[in-house]
Amino acid sequence: MTLLSDQAEDIRALVESADPGAVWAVGGPEGVHAASAGRGLGGSADTAVSPDDRGGEDTTATVRAPGDGSGAGAAPGDLDVGGLATVLALWPALGSLIAEGALQLHTPLTAYGDTTSAPGTTAHHLLTHPEGTAALTRLAESLAGTSLAELAATRVWQPLGMTRTRFADGTLRAPLTDLVRFPCHLLAPDGPGVSPAWTAESLRIRTGELTPARGLLWHPAPHGVWAHHAPAADAPALWVAPRLRRWAVLLPASAHTPVRTAFREAAFTRAPAG
């Protein structure tokens, strides 16, 4: 489902009028179709950037957020994507542990030496509850014997060519060119990174009749879309729609003009003919 040129321009006009400082991109498994201007991805509608292009100079604009002084400093071209750290780091890291048999979704965490969770709590319970991410991070680090940063870097970011994605200044940072490689891979997995089985397991309702409906650290949205974002309307968001073969990412700049819902609707509904 290639983004139509008039649809791309509508998305651009929507974001630039409501939140001109926002960083965004929309694409499919083959790359980026449209992105915010001046962000190192061409900046024009229907600009396709291959997710396999792992070389060359990155010319994304510098977007800095206040740091707490911990870790390495931000490099030019970095975006603060800390609001997406759960889906970019924790979720795929857990998937890799499950794939290798180190973790089972429905095994009580006490079997893995966890003494802090309530009796009977499983990874599945925590993956369907947003407040479970701290416990999941501790679990992943304990099972892997290393930090989440190292686990994600070696098992996810490096295989996907996200070579500048890292934790720095107390948050997760990445250039937009790195960031878009992640959803491209989810729609068209090729080699190591995130297994298709883990994606399929996560992007389906795992909460039965309970509401709100949730997958595994993802939740359903209209048009067959799966979303990952915090409840706050100005939080960064990542969407993937396997059936539509489209993804979108939005990093808002303003808390005063929420644009997330309108952006999602514009990105995942085809513009009417004529």
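**Exercise 1. Helices H1 and H9**

Task: How closely do the axes of H1 and H9 come, and at what angle do they cross? Classify the pair and describe the contact.

Solution. The model is a predicted one.

Step 1. The axes of H1 and H9 come within 9 Å, and the crossing angle is roughly 170 degrees.

Step 2. Angles over 145 degrees count as roughly antiparallel. H1 is therefore roughly antiparallel to H9.

Step 3. On the H1 side the contact involves Gln-7, Ile-11, Leu-14 and Val-15, which meet Ala-262, Phe-263, Ala-266 and Ala-267 of H9.

Step 4. Sorted by class, this contact has seven nonpolar residues, one polar residue and no charged residues.

**Exercise 2. Burial of helix H9**

Task: Which residues of helix H9 are buried, and what covers them?

Solution. 

Step 1. Helix H9 spans residues 260-268, and its buried residues are Arg-260, Phe-263, Arg-264, Ala-266, Ala-267 and Phe-268.

Step 2. The cover over these buried residues includes helix H1 (5-18), along with strands S1 (23-28), S6 (219-221), S7 (225-229), S8 (237-241) and S9 (246-251).

Step 3. Arg-264 has a relative accessible area of 14%. Arg-264 also takes part in a salt bridge with Glu-265, with 3.0 Å between the closest N and O atoms.

**Exercise 3. Helices H2 and H4**

Task: Describe the geometry of H2 against H4, its handedness and the make-up of the contact.

Solution. 

Step 1. The axes of H2 and H4 (residues 133-144) come within 10 Å and cross at roughly 50 degrees.

Step 2. H2 and H4 are therefore oblique to each other. Their crossing is left-handed.

Step 3. From H2, Thr-86, Leu-90, Leu-94 and Leu-97 take part; from H4, Thr-133, Leu-136, Thr-137, Ala-140, Leu-143 and Ala-144.

Step 4. The residues of this contact comprise seven nonpolar, three polar and no charged.

**Exercise 4. Salt bridges across the sequence**

Task: How many salt bridges does a search of the whole structure find? Work through the pairs of Arg-164 with Asp-78 and Glu-100 with Arg-155.

Solution. 

Step 1. The search finds nine salt bridges.

Step 2. In the pair of Arg-164 and Asp-78, the closest N and O atoms are 3.8 Å apart. Arg-164 sits in the loop between helix H5 (148-157) and strand S4 (166-168), and Asp-78 in the loop between strand S2 (31-35) and strand S3 (79-80), so the bridge ties together parts 86 residues apart in sequence.

Step 3. Asp-78 is buried at 1% relative accessible area, whereas Arg-164 is partly exposed at 23% relative accessibility.

Step 4. Asp-78 and Arg-164 also belong, with Arg-166, to a network of salt bridges.

Step 5. Glu-100 and Arg-155 form a salt bridge with an N to O distance of 3.2 Å. Glu-100 is in the loop between helix H2 (85-99) and helix H3 (123-127), while Arg-155 is in helix H5, so this pair joins parts that are 55 residues apart in sequence.

Step 6. Glu-100 is partly exposed at 49% relative accessible area, and Arg-155 is partly exposed at 26% relative accessibility.

**Exercise 5. The chain as a whole**

Solution. 

Step 1. The protein chain has nine helices and nine strands.

Step 2. Of its 274 residues, 48% are buried.

Step 3. Among contacts with a separation of 6 or more, 56% are between residues 24 or more positions apart.

Key:
Residues are numbered from 1 along each chain as its sequence is written. This is a predicted model: local features need pLDDT of at least 70, side-chain atom pairs count only at pLDDT 80 or more; totals for chains, interfaces and linings use all residues. Side-chain values use heavy atoms; hydrogens and water are left out. A salt bridge is a side-chain nitrogen of Lys or Arg within 4 Å of a carboxyl oxygen of Asp or Glu. Helices (H or I, at least four residues) and strands (E, at least two) are DSSP runs, numbered from the N terminus. Buried means under 20% relative accessible area, exposed over 50%, partly exposed in between (1.4 Å probe, protein chains only). Contact means heavy atoms within 4.5 Å. Axes are lines fitted to C-alpha atoms, for helices over the stretch in contact, and angles run from 0 to 180 degrees between N-to-C directions. Angles under 35 degrees count as roughly parallel, over 145 as roughly antiparallel, 65 to 115 as roughly perpendicular and the rest as oblique. A crossing is left-handed if the near helix is turned anticlockwise from the far one by less than a right angle, and right-handed if clockwise. Ala, Val, Leu, Ile, Met, Phe, Trp, Tyr, Cys and Pro count as nonpolar, Asp, Glu, Lys and Arg as charged, and the others, Gly among them, as polar.
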